[in-house]
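Student: Please take a close look at the salt bridges of this structure and explain which parts of the chain they connect.

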Amino acid sequence: AKNESTSIMVDHGSRIHSPEGSLTFTQKIEKMRLFKLYLSILTKQPSTPIETRIKDFGLEFDKALDVRDPHLRMLSMWRCLEITTRLSNGATRRHKDIINILARYYTNDYWKEQGDLVLSLLNSYVHEGKQLLYSNRDDYLGWVQDYASASLSQLMWMRSKSIGTKNAYEIDAFFDLYTKPPEVFNVAKKMSNERNKKNDS
């Protein structure tokens, strides 16, 4: 950037400035397209509820990457997960609920186990002072960062489907439903069809 800002994302209360010049950090067109999309969301005023959620996530994620202490970085990355799944009234969901939501992003058992391990270590650190070991800290930090990346992808998908563009309650409903089994959606579809029939008649 050709200005005094050293970072695109500086602080929660600050106005976000995009660089004056063009940025090219990869030759991959799709990655540059996504980066420009993220940047446009971060600088957009005013923003929809889902875009505000994406901004809040981006600012916290940027902070997390600046933290050198592995324990504090893990906590900051966890904060990204809380921001993604928080309720519209600002309350955070239970830790286990957050993992259950994000564990559905992929269907394999290994992905779910990663989340469970991160949550177990987080609880041990916060409540018992258990430290990350040098031998495994990169694994845990990588897993929580993978979950953070997945949660950003989820928010971006929601924006692309216009979920949370009108009000934040849609975001609540989405994450409330995300862990439900397919049978719930089948029943909801039947209910919706019947309501539509009554409204049409």
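Tutor: A salt bridge here is a side-chain nitrogen of Lys or Arg within 4 Å of a carboxyl oxygen of Asp or Glu. The model is a predicted one, and a search of the whole structure finds 10 such salt bridges. One of them joins the side chains of glutamate 51 and arginine 159, with N to O at 3.1 Å. Glutamate 51 belongs to helix H2 (residues 49-66) and arginine 159 to helix H6, so this pair ties together parts that are 108 residues apart in sequence. Glutamate 51 is buried, its relative accessible area being 3%, whereas arginine 159 is partly exposed at 26%. The pair also belongs to a network of salt bridges that links Lys44, Glu51 and Arg159.

A further salt bridge is formed by the side chains of arginine 93 and aspartate 176, at 2.8 Å from N to O. Arginine 93 is placed in the loop between helix H3 (70-85) and H4, and aspartate 176 in helix H7 (residues 169-178), so the parts tied together are 83 residues apart in sequence. Arginine 93 is buried, with a relative accessible area of 12%, while aspartate 176 is partly exposed, with 38%.

Glutamate 194 and lysine 197 form a salt bridge in which the closest N and O atoms are 3.4 Å apart. Both residues lie in helix H8 (residues 182-200), three residues apart, about one turn of the helix. Glutamate 194 is partly exposed, with a relative accessible area of 42%, and lysine 197 is exposed, with 52%.

Note on methods
Residues numbered from 1 in each chain as written. Predicted model: local features only at pLDDT ≥ 70, side-chain atom pairs only at ≥ 80, totals over all residues. Heavy atoms only, no water. Helix = DSSP H or I, 4+ residues; strand = E, 2+ residues; numbered from the N terminus. Buried < 20%, exposed > 50% of the residue type's maximum accessible area, 1.4 Å probe, protein only.
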